[in-house]
Amino acid sequence: MDRRLAFKTALAAVALAAAGTAGAQTKLKWAHVYETSEPFHKWSVWAADEIKKRSGGKYQIDVYPASQLGKENDINQGLALGTVDMIISGSSFAAKSFPRIGVTYYPYTFRDVNHLLAYTKSDIYKELTAGYEQKSGNHIVATTYYGVRHTTSNKPIAKCADMKGLKIRVPDVPAYLAMPRACGANTTPIAFAEVYLALQNGTVEAQENPLPTIEAKKFFEVQKHIVLTGHIVDHLNTVVSGALWKKLPDADKAMFTAVAQEAAEKASQEVAAKEKELVATFKAKGLTVTEVDKNEFRDTVLKNVPFEQFGYQKADWERIQALVK
């Protein structure tokens, strides 16, 4: 009888321990608007799994891709509402809380991926992300290269003036609108998930995105021309809600940051490698791929689009320009 009692007692202890472990687990939601085929999703899933491993199962993070928890504006608001704990989103959305951080979306700010990555290790980056955190309460743990934004269209474009009157879908954020509007295009804000249909049915006749996104979203199926305007070297931030960040012990903050930055680095490398292949891929699919004089587009923007109208500071832009010669 003593042995049976001891065995039952041991079983009860194991059950209690298991219940305690389960109770201690923190379940988190990580949301983004990108397709499951894109590196941003792949490496988010990796990071969620890695955080679970490194925390000994303390954190269970479920990743919700492809606008499952809402459009980009929705998930940004969700950080404050508590409907999401982590998101991947552009600095253009962060700029709604802290306008200065949006200067990185002013057209032709970055020359290439290396310039962007140098920025993420700079003092101006630390200053701008800290300003965003102070205003929003949310914390940026990493920044990923998204790719160089180019234009697709159903009419040929060789110079800035060729965009006059062009019906183009552009995200409804000021910096994205700057280049098309400076060139005279008619911009239309359509949700990311609805762009393919809008191009297909003629609601708009053009859009702009990096080449890997053009492939992932299959925009090449409903467009004839790819114009290498290269107007924004784009990037995405991995953002942790203020509520979650305040709760995390310092050791966990360091671990979340390390994992997110490792994921960002791997995704950035994958995007950069993919971009190099895609021009040939699109040509093989029968699309016309056109090089343009970027300086002409850049000079038109600088002449017609003041930094101050967006709440940006030209001094911030100049500091970024000076990072890589």
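Which residues does Asp234 touch, not counting residues up to four places away in sequence? They are Tyr105, Leu116, Thr144, Tyr145, Tyr146, Gly147, Arg149 and Tyr176, where contact means heavy atoms within 4.5 Å. The model is a predicted one, in which local features need pLDDT of at least 70 and side-chain atom pairs count only at pLDDT 80 or more, while totals for chains, interfaces and linings use all residues. Residues are numbered from 1 along each chain as its sequence is written, and side-chain values use heavy atoms, with hydrogens and water left out.

Asp234 lies in strand 8 (residues 225-240); strands (E, at least two residues) and helices (H or I, at least four) are DSSP runs numbered from the N terminus. Asp234 counts as buried because its relative accessibility is 1%, and buried means under 20% relative accessible area, exposed over 50% and partly exposed in between, with a 1.4 Å probe and protein chains only. The side chains of Asp234 and Arg149 are joined by a polar contact of 2.5 Å. Such a contact is a pair of N or O atoms within 3.5 Å; within protein, one must be able to donate a hydrogen and the other to accept it, and residues adjacent in sequence count only if both atoms are side-chain atoms.

The aromatic residues come next. A pair of aromatic rings is described by the distance of the centres and the angle of the planes. Rings of Phe, Tyr and Trp (its six-membered ring) pair if their centres lie within 6.5 Å; planes under 30 degrees apart count as stacked, over 60 as edge-to-face and the rest as tilted. The structure holds 14 aromatic pairs. One of them is Tyr34 with Phe192, which is edge-to-face because the centres are 6.0 Å apart and the planes stand at 65 degrees. This pair links distant parts of the chain, 158 residues apart: Tyr34 is in the loop between strand 1 (26-31) and helix 2 (39-54), and Phe192 in the loop between strand 6 (186-188) and helix 8 (195-201). Tyr34 is buried at 4%, and Phe192 is buried at 13%.

Tyr106 and Trp317 form another edge-to-face pair, with 6.3 Å from centre to centre and 70 degrees between the planes. Tyr106, in the loop between helix 4 (91-94) and helix 5 (113-119), is 211 residues from Trp317 in helix 13 (residues 314-321).

Tyr34 and Phe192 also belong to one aromatic cluster with Phe40 and Tyr146.
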